[in-house]
Amino acid sequence: MPKIIGKRMHILYINQNFRTPAEPGGTRSYWIARELIKNGHTITMLTANPLAKVQKEVKQIDGITVIYLKEPYSQEMSIAERLKTFVSFSLKSILEARRQKGIDLVIATSTPLTVGIPALYLKWFKKIPYVFEVRDLWPEVPIQMGAFKNPAIIKSTRWFEKTLYRNAKHVVALSPGMQEGVMKYIPKEKTSMIPNMSKIDEFWPREPDRKLLKQLDLQPDTFKVIYLGAVGLANSADYIIDAAFLLKDDPSIEFVFLSKGSNENRLKERCKQSGLNNVKFLGFFPMKETSEIVNLCDVSLVTFANLPILYTNSPNKLFDSLSAGKPIIVNSAGWTKQMVEENNCGFFVLPEQPEDLAEKIKLLQSNPALTAKMGRNSRLLAETKFDKSILCSEFAAMIQNLTI
(Lines give C-alpha, C1' and ligand atoms only; values in the text may rest on other atoms or scores of the structure.)
Protein backbone atom coordinates (compact mmCIF):
# COMPACT_ATOMS: atom_id res chain seq x y z
CA MET A 1 0.00 0.00 0.00
CA PRO A 2 1.30 3.50 -0.80
CA LYS A 3 2.41 5.84 1.92
CA ILE A 4 0.61 9.13 2.28
CA ILE A 5 3.79 11.15 2.80
CA GLY A 6 3.26 14.53 1.16
CA LYS A 7 -0.45 13.97 0.58
CA ARG A 8 -2.70 16.78 1.76
CA MET A 9 -5.68 15.33 3.55
CA HIS A 10 -9.02 16.47 4.85
CA ILE A 11 -8.94 15.26 8.46
CA LEU A 12 -12.03 14.98 10.64
CA TYR A 13 -10.85 15.51 14.22
CA ILE A 14 -13.32 14.38 16.91
CA ASN A 15 -12.79 15.73 20.42
CA GLN A 16 -15.84 16.16 22.65
CA ASN A 17 -13.87 18.57 24.88
CA PHE A 18 -12.03 20.74 22.35
CA ARG A 19 -10.68 24.00 23.80
CA THR A 20 -8.74 26.95 22.39
CA PRO A 21 -6.17 28.98 24.38
CA ALA A 22 -8.89 31.59 24.98
CA GLU A 23 -10.88 29.06 27.00
CA PRO A 24 -10.16 27.24 30.27
CA GLY A 25 -9.13 23.64 29.79
CA GLY A 26 -6.70 21.49 27.84
CA THR A 27 -5.59 22.75 24.43
CA ARG A 28 -3.67 19.75 23.06
CA SER A 29 -5.98 19.20 20.08
CA TYR A 30 -5.82 22.89 19.16
CA TRP A 31 -2.02 22.82 18.87
CA ILE A 32 -1.99 19.50 16.99
CA ALA A 33 -4.62 20.80 14.57
CA ARG A 34 -2.58 23.95 13.94
CA GLU A 35 0.51 21.86 13.21
CA LEU A 36 -1.38 19.62 10.81
CA ILE A 37 -2.64 22.73 9.00
CA LYS A 38 0.97 23.93 8.69
CA ASN A 39 1.70 20.60 7.02
CA GLY A 40 -0.93 21.29 4.39
CA HIS A 41 -3.90 19.40 5.80
CA THR A 42 -7.46 20.66 6.18
CA ILE A 43 -8.94 20.18 9.65
CA THR A 44 -12.60 19.93 10.58
CA MET A 45 -13.01 19.70 14.37
CA LEU A 46 -16.14 18.05 15.72
CA THR A 47 -16.85 18.94 19.35
CA ALA A 48 -19.55 19.68 21.92
CA ASN A 49 -20.69 22.94 23.43
CA PRO A 50 -22.54 22.42 26.74
CA LEU A 51 -23.69 26.06 26.76
CA ALA A 52 -24.92 26.25 23.18
CA LYS A 53 -28.29 27.84 22.44
CA VAL A 54 -28.53 26.25 19.01
CA GLN A 55 -28.16 22.61 18.00
CA LYS A 56 -25.18 23.28 15.74
CA GLU A 57 -22.75 26.14 15.21
CA VAL A 58 -19.80 26.34 12.83
CA LYS A 59 -16.84 28.65 13.49
CA GLN A 60 -13.51 29.30 11.81
CA ILE A 61 -10.83 29.45 14.51
CA ASP A 62 -7.22 30.01 13.45
CA GLY A 63 -7.66 27.96 10.30
CA ILE A 64 -9.66 25.18 11.96
CA THR A 65 -13.28 24.61 10.96
CA VAL A 66 -14.93 23.89 14.32
CA ILE A 67 -18.39 22.32 14.40
CA TYR A 68 -20.01 22.72 17.81
CA LEU A 69 -22.88 20.37 18.62
CA LYS A 70 -25.19 21.18 21.50
CA GLU A 71 -24.65 18.62 24.25
CA PRO A 72 -25.11 19.35 27.97
CA TYR A 73 -22.37 18.35 30.38
CA SER A 74 -21.23 19.29 33.87
CA GLN A 75 -18.99 17.92 36.60
CA GLU A 76 -22.08 17.57 38.80
CA MET A 77 -23.68 14.96 36.52
CA SER A 78 -24.14 11.41 37.77
CA ILE A 79 -22.30 8.57 36.03
CA ALA A 80 -25.51 7.57 34.24
CA GLU A 81 -26.10 11.15 33.06
CA ARG A 82 -22.53 11.43 31.79
CA LEU A 83 -22.76 8.16 29.89
CA LYS A 84 -26.00 9.34 28.30
CA THR A 85 -24.30 12.57 27.20
CA PHE A 86 -21.26 10.72 25.84
CA VAL A 87 -23.38 8.36 23.76
CA SER A 88 -25.62 11.20 22.58
CA PHE A 89 -22.62 13.19 21.32
CA SER A 90 -21.29 10.13 19.51
CA LEU A 91 -24.57 9.53 17.72
CA LYS A 92 -24.86 13.19 16.75
CA SER A 93 -21.25 13.01 15.52
CA ILE A 94 -22.10 10.11 13.21
CA LEU A 95 -24.88 12.15 11.61
CA GLU A 96 -22.63 15.18 11.23
CA ALA A 97 -19.70 13.13 9.92
CA ARG A 98 -21.93 11.68 7.21
CA ARG A 99 -22.49 15.23 5.93
CA GLN A 100 -18.78 15.94 5.54
CA LYS A 101 -17.33 15.57 2.06
CA GLY A 102 -13.95 14.20 1.09
CA ILE A 103 -12.75 13.00 4.50
CA ASP A 104 -9.46 11.10 4.14
CA LEU A 105 -8.68 10.37 7.78
CA VAL A 106 -10.33 10.59 11.20
CA ILE A 107 -8.56 11.43 14.46
CA ALA A 108 -10.62 10.57 17.54
CA THR A 109 -9.32 11.58 20.95
CA SER A 110 -10.61 10.33 24.29
CA THR A 111 -11.90 10.79 26.89
CA PRO A 112 -14.62 9.66 26.74
CA LEU A 113 -13.99 6.37 24.99
CA THR A 114 -17.30 6.79 23.17
CA VAL A 115 -15.74 9.25 20.70
CA GLY A 116 -14.55 6.05 19.06
CA ILE A 117 -18.12 5.20 18.02
CA PRO A 118 -18.23 7.63 15.05
CA ALA A 119 -14.64 6.66 14.15
CA LEU A 120 -15.63 2.98 14.01
CA TYR A 121 -18.75 3.81 12.01
CA LEU A 122 -16.71 5.68 9.39
CA LYS A 123 -14.16 2.86 9.25
CA TRP A 124 -16.74 0.09 8.84
CA PHE A 125 -19.29 1.80 6.60
CA LYS A 126 -17.28 4.48 4.75
CA LYS A 127 -13.86 2.77 4.68
CA ILE A 128 -12.22 5.85 6.20
CA PRO A 129 -9.26 4.97 8.46
CA TYR A 130 -8.83 6.50 11.89
CA VAL A 131 -6.16 7.28 14.45
CA PHE A 132 -7.26 6.88 18.05
CA GLU A 133 -5.68 8.94 20.84
CA VAL A 134 -5.77 7.53 24.38
CA ARG A 135 -5.75 10.19 27.10
CA ASP A 136 -6.95 7.82 29.83
CA LEU A 137 -7.13 4.05 29.92
CA TRP A 138 -10.88 3.63 29.84
CA PRO A 139 -12.64 1.58 31.05
CA GLU A 140 -9.90 0.66 33.52
CA VAL A 141 -10.04 4.07 35.25
CA PRO A 142 -13.75 3.88 36.20
CA ILE A 143 -13.38 0.18 37.00
CA GLN A 144 -10.57 0.76 39.51
CA MET A 145 -12.38 3.78 40.94
CA GLY A 146 -15.48 1.68 41.52
CA ALA A 147 -17.76 3.49 39.08
CA PHE A 148 -18.21 0.38 36.94
CA LYS A 149 -19.13 -2.66 39.05
CA ASN A 150 -21.58 -4.57 36.89
CA PRO A 151 -19.71 -7.52 35.27
CA ALA A 152 -21.70 -7.13 32.05
CA ILE A 153 -20.76 -3.44 31.77
CA ILE A 154 -17.11 -4.21 32.50
CA LYS A 155 -17.01 -6.99 29.91
CA SER A 156 -18.74 -4.92 27.22
CA THR A 157 -16.63 -1.78 27.75
CA ARG A 158 -13.41 -3.81 27.63
CA TRP A 159 -14.61 -5.44 24.42
CA PHE A 160 -15.29 -1.98 22.98
CA GLU A 161 -11.83 -0.74 24.03
CA LYS A 162 -10.16 -3.73 22.34
CA THR A 163 -12.29 -3.26 19.22
CA LEU A 164 -11.32 0.42 18.97
CA TYR A 165 -7.60 -0.30 19.22
CA ARG A 166 -7.64 -3.21 16.80
CA ASN A 167 -9.56 -1.31 14.13
CA ALA A 168 -7.42 1.83 14.38
CA LYS A 169 -4.76 2.52 11.81
CA HIS A 170 -2.62 3.78 14.68
CA VAL A 171 -3.06 4.46 18.42
CA VAL A 172 -1.39 7.36 20.22
CA ALA A 173 -0.94 7.01 23.99
CA LEU A 174 -0.09 9.92 26.28
CA SER A 175 2.21 8.07 28.68
CA PRO A 176 4.37 4.93 28.77
CA GLY A 177 1.82 3.24 31.05
CA MET A 178 -1.02 4.02 28.67
CA GLN A 179 1.02 2.64 25.78
CA GLU A 180 1.57 -0.59 27.71
CA GLY A 181 -2.18 -0.80 28.31
CA VAL A 182 -2.86 -0.43 24.58
CA MET A 183 -0.22 -3.04 23.74
CA LYS A 184 -2.27 -5.70 25.52
CA TYR A 185 -4.39 -5.68 22.37
CA ILE A 186 -2.21 -4.51 19.47
CA PRO A 187 1.51 -4.69 18.57
CA LYS A 188 3.87 -1.90 19.59
CA GLU A 189 4.51 -0.83 15.99
CA LYS A 190 0.87 0.25 15.73
CA THR A 191 1.33 2.61 18.69
CA SER A 192 3.15 5.84 19.52
CA MET A 193 3.74 7.51 22.89
CA ILE A 194 3.33 11.27 22.56
CA PRO A 195 2.72 12.81 26.00
CA ASN A 196 0.92 15.99 26.89
CA MET A 197 2.77 19.14 25.95
CA SER A 198 4.59 22.00 27.56
CA LYS A 199 3.89 25.43 26.09
CA ILE A 200 7.08 27.38 26.68
CA ASP A 201 5.75 30.47 24.91
CA GLU A 202 2.59 30.50 27.04
CA PHE A 203 4.07 29.65 30.47
CA TRP A 204 7.48 30.98 31.43
CA PRO A 205 9.28 32.33 34.53
CA ARG A 206 9.27 36.12 34.88
CA GLU A 207 8.88 38.87 37.44
CA PRO A 208 5.61 38.43 39.35
CA ASP A 209 2.75 40.83 38.73
CA ARG A 210 2.38 42.55 42.11
CA LYS A 211 -0.90 44.21 41.15
CA LEU A 212 -2.36 40.81 40.34
CA LEU A 213 -1.32 39.53 43.77
CA LYS A 214 -3.38 42.26 45.37
CA GLN A 215 -6.35 41.69 43.05
CA LEU A 216 -6.40 38.00 43.97
CA ASP A 217 -6.11 38.75 47.68
CA LEU A 218 -2.85 36.81 47.95
CA GLN A 219 -0.17 37.82 50.41
CA PRO A 220 2.91 39.39 48.81
CA ASP A 221 5.61 37.46 50.67
CA THR A 222 4.20 34.00 51.30
CA PHE A 223 5.52 30.74 49.84
CA LYS A 224 2.74 29.81 47.42
CA VAL A 225 1.79 26.23 46.55
CA ILE A 226 -0.47 25.91 43.50
CA TYR A 227 -2.80 23.18 42.27
CA LEU A 228 -4.20 23.44 38.72
CA GLY A 229 -7.15 21.71 37.15
CA ALA A 230 -9.96 19.38 38.10
CA VAL A 231 -10.82 18.46 41.67
CA GLY A 232 -12.87 15.36 40.99
CA LEU A 233 -12.68 12.01 42.77
CA ALA A 234 -9.52 10.99 40.90
CA ASN A 235 -7.50 14.06 41.89
CA SER A 236 -7.04 13.49 45.63
CA ALA A 237 -7.56 17.15 46.51
CA ASP A 238 -8.42 16.17 50.08
CA TYR A 239 -4.82 15.06 50.42
CA ILE A 240 -3.73 18.63 49.70
CA ILE A 241 -6.24 20.02 52.20
CA ASP A 242 -4.88 17.56 54.79
CA ALA A 243 -1.38 18.97 54.23
CA ALA A 244 -2.73 22.53 54.42
CA PHE A 245 -4.30 21.66 57.78
CA LEU A 246 -0.94 20.46 59.05
CA LEU A 247 0.55 23.83 58.02
CA LYS A 248 -2.38 26.02 59.06
CA ASP A 249 -0.45 27.69 61.87
CA ASP A 250 2.31 28.80 59.49
CA PRO A 251 1.20 32.14 57.96
CA SER A 252 4.16 32.09 55.57
CA ILE A 253 2.60 29.38 53.34
CA GLU A 254 -0.46 29.73 51.09
CA PHE A 255 -2.23 27.08 49.02
CA VAL A 256 -3.76 28.27 45.74
CA PHE A 257 -6.36 26.28 43.78
CA LEU A 258 -7.07 27.14 40.14
CA SER A 259 -9.71 24.50 39.82
CA LYS A 260 -13.16 23.27 39.01
CA GLY A 261 -14.93 19.99 39.56
CA SER A 262 -17.50 17.99 41.44
CA ASN A 263 -15.65 18.24 44.77
CA GLU A 264 -14.91 21.97 44.80
CA ASN A 265 -17.86 23.14 46.91
CA ARG A 266 -17.29 20.36 49.41
CA LEU A 267 -13.59 21.25 49.66
CA LYS A 268 -14.44 24.91 50.25
CA GLU A 269 -16.85 23.95 53.00
CA ARG A 270 -14.26 21.67 54.55
CA CYS A 271 -11.73 24.52 54.63
CA LYS A 272 -14.33 26.80 56.19
CA GLN A 273 -15.26 24.28 58.85
CA SER A 274 -11.57 23.63 59.65
CA GLY A 275 -10.71 27.31 59.83
CA LEU A 276 -8.16 27.07 57.04
CA ASN A 277 -7.25 30.61 56.06
CA ASN A 278 -4.20 29.41 54.14
CA VAL A 279 -6.20 27.96 51.22
CA LYS A 280 -7.55 30.12 48.36
CA PHE A 281 -9.89 28.89 45.62
CA LEU A 282 -9.53 31.32 42.73
CA GLY A 283 -11.62 29.60 40.05
CA PHE A 284 -10.75 28.45 36.53
CA PHE A 285 -9.12 30.78 33.98
CA PRO A 286 -8.11 30.89 30.31
CA MET A 287 -4.47 30.22 29.54
CA LYS A 288 -3.16 33.79 29.65
CA GLU A 289 -4.53 34.49 33.13
CA THR A 290 -3.55 31.01 34.35
CA SER A 291 0.03 31.63 33.24
CA GLU A 292 0.17 34.88 35.21
CA ILE A 293 -1.16 33.22 38.37
CA VAL A 294 1.17 30.21 38.12
CA ASN A 295 4.05 32.64 37.79
CA LEU A 296 3.14 34.12 41.19
CA CYS A 297 3.62 30.74 42.88
CA ASP A 298 6.65 28.80 44.08
CA VAL A 299 5.81 25.10 43.68
CA SER A 300 3.19 23.11 41.78
CA LEU A 301 1.30 20.03 42.97
CA VAL A 302 0.22 17.12 40.74
CA THR A 303 -1.86 14.73 42.83
CA PHE A 304 -4.05 11.71 42.14
CA ALA A 305 -5.83 9.04 44.11
CA ASN A 306 -3.63 6.08 45.04
CA LEU A 307 -4.75 3.70 42.28
CA PRO A 308 -2.33 1.92 39.91
CA ILE A 309 -4.30 2.97 36.82
CA LEU A 310 -3.87 6.64 37.75
CA TYR A 311 -0.08 6.21 37.79
CA THR A 312 -0.32 6.31 33.98
CA ASN A 313 -1.73 9.85 33.86
CA SER A 314 -0.24 12.53 31.62
CA PRO A 315 -1.76 15.68 33.16
CA ASN A 316 -1.68 19.10 31.50
CA LYS A 317 -0.88 20.74 34.83
CA LEU A 318 2.43 18.91 34.99
CA PHE A 319 3.65 20.19 31.63
CA ASP A 320 2.41 23.74 32.18
CA SER A 321 4.28 23.75 35.49
CA LEU A 322 7.45 22.54 33.78
CA SER A 323 7.17 25.42 31.30
CA ALA A 324 6.61 27.89 34.14
CA GLY A 325 9.86 26.78 35.74
CA LYS A 326 8.32 25.47 38.96
CA PRO A 327 9.45 22.56 41.14
CA ILE A 328 6.79 19.87 40.96
CA ILE A 329 5.57 17.59 43.72
CA VAL A 330 3.85 14.41 42.49
CA ASN A 331 2.21 11.62 44.47
CA SER A 332 1.74 8.96 41.77
CA ALA A 333 4.29 6.15 41.81
CA GLY A 334 4.49 5.92 38.03
CA TRP A 335 6.30 7.65 35.20
CA THR A 336 5.86 11.14 36.68
CA LYS A 337 7.74 10.02 39.81
CA GLN A 338 10.56 8.78 37.61
CA MET A 339 10.51 12.02 35.62
CA VAL A 340 10.83 14.44 38.53
CA GLU A 341 13.44 12.33 40.32
CA GLU A 342 15.64 11.62 37.30
CA ASN A 343 15.59 15.27 36.21
CA ASN A 344 15.83 16.71 39.74
CA CYS A 345 12.88 18.99 39.10
CA GLY A 346 10.75 18.07 42.10
CA PHE A 347 9.78 15.40 44.63
CA PHE A 348 7.63 12.32 44.92
CA VAL A 349 5.56 12.18 48.10
CA LEU A 350 3.70 9.24 49.58
CA PRO A 351 0.08 9.44 48.35
CA GLU A 352 -1.62 8.64 51.66
CA GLN A 353 0.71 10.55 53.97
CA PRO A 354 -0.06 14.31 53.82
CA GLU A 355 2.67 14.90 56.40
CA ASP A 356 5.16 13.90 53.69
CA LEU A 357 3.71 16.58 51.40
CA ALA A 358 3.84 19.18 54.19
CA GLU A 359 7.45 18.24 54.90
CA LYS A 360 8.53 18.62 51.25
CA ILE A 361 6.80 22.00 51.01
CA LYS A 362 8.68 23.19 54.10
CA LEU A 363 11.92 21.80 52.68
CA LEU A 364 11.54 23.83 49.49
CA GLN A 365 10.48 26.93 51.39
CA SER A 366 13.57 26.76 53.59
CA ASN A 367 15.91 26.12 50.65
CA PRO A 368 15.49 28.89 48.06
CA ALA A 369 18.57 27.71 46.16
CA LEU A 370 17.12 24.20 45.81
CA THR A 371 13.76 25.60 44.74
CA ALA A 372 15.44 27.76 42.11
CA LYS A 373 17.58 24.87 40.83
CA MET A 374 14.60 22.54 40.50
CA GLY A 375 12.68 25.30 38.74
CA ARG A 376 15.49 25.74 36.21
CA ASN A 377 15.57 21.99 35.62
CA SER A 378 11.81 22.01 35.02
CA ARG A 379 12.11 24.73 32.42
CA LEU A 380 15.01 22.96 30.70
CA LEU A 381 12.99 19.75 30.48
CA ALA A 382 10.07 21.66 28.97
CA GLU A 383 12.30 23.33 26.40
CA THR A 384 14.26 20.26 25.30
CA LYS A 385 11.76 17.38 25.52
CA PHE A 386 8.13 18.32 26.01
CA ASP A 387 7.45 21.60 24.20
CA LYS A 388 4.50 21.58 21.82
CA SER A 389 6.78 22.53 18.91
CA ILE A 390 8.59 19.19 19.40
CA LEU A 391 5.63 16.95 20.13
CA CYS A 392 3.21 18.43 17.57
CA SER A 393 5.87 17.88 14.91
CA GLU A 394 6.18 14.29 16.10
CA PHE A 395 2.42 13.84 15.84
CA ALA A 396 2.32 15.35 12.34
CA ALA A 397 5.19 13.09 11.22
CA MET A 398 3.29 10.05 12.52
CA ILE A 399 0.26 11.08 10.46
CA GLN A 400 2.37 11.62 7.37
CA ASN A 401 3.93 8.17 7.64
CA LEU A 402 0.70 6.21 7.91
CA THR A 403 -0.23 3.83 5.13
CA ILE A 404 -3.79 3.64 3.88
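At what angle do H1 and helix H15 (residues 388–400) pack, and how far apart are their axes? The legends below take up this and other views of a predicted model, in which local features need pLDDT of at least 70 and side-chain atom pairs count only at pLDDT 80 or more, while totals for chains, interfaces and linings use all residues. Residues are numbered from 1 along each chain as its sequence is written, and side-chain values use heavy atoms, with hydrogens and water left out.

**View A. Helix H1 against helix H15.** The two helices pack at an angle of about 60°, with their axes 9 Å apart; axes are lines fitted to C-alpha atoms, for helices over the stretch in contact, and angles run from 0 to 180 degrees between N-to-C directions. H1 and H15 are therefore oblique to each other, given that angles under 35 degrees count as roughly parallel, over 145 as roughly antiparallel, 65 to 115 as roughly perpendicular and the rest as oblique. Contact (heavy atoms within 4.5 Å) joins Arg-28, Trp-31, Ile-32, Glu-35 and Leu-36 of H1 to Lys-388, Cys-392, Ser-393, Phe-395, Ala-396 and Ile-399 of H15. By class, seven nonpolar, one polar and three charged residues make up this contact, where Ala, Val, Leu, Ile, Met, Phe, Trp, Tyr, Cys and Pro count as nonpolar, Asp, Glu, Lys and Arg as charged, and the others, Gly among them, as polar.

View B. Eight strands, in the order S3-S4-S2-S1-S5-S6-S7-S8, form an open sheet with mixed pairing; helices (H or I, at least four residues) and strands (E, at least two) are DSSP runs numbered from the N terminus, and two strands pair if DSSP finds at least two bridges between them. Strand S3 (56–61) and strand S8 (191–193) stand at the edges with a single partner strand each, so one side of each is left without a neighbour in the sheet. S3 pairs with strand S4 (residues 64–70) in the antiparallel sense over six bridges, and Gln-60 has Thr-65 in S4 as its bridge partner.

**View C. Helix H3 on the sheet.** Helix H3 (residues 116–126) lies across S1, S5 and S6, and runs at about 160° to S6.

**View D. Helix H11 against helix H14.** Helix H11 (residues 316–323) packs on helix H14 (residues 368–386) at an angle of about 110°, their axes being 6 Å apart, which makes H11 roughly perpendicular to H14. Phe-319, Leu-322 and Ser-323 in H11 meet residues of H14 including Leu-381 and Phe-386.
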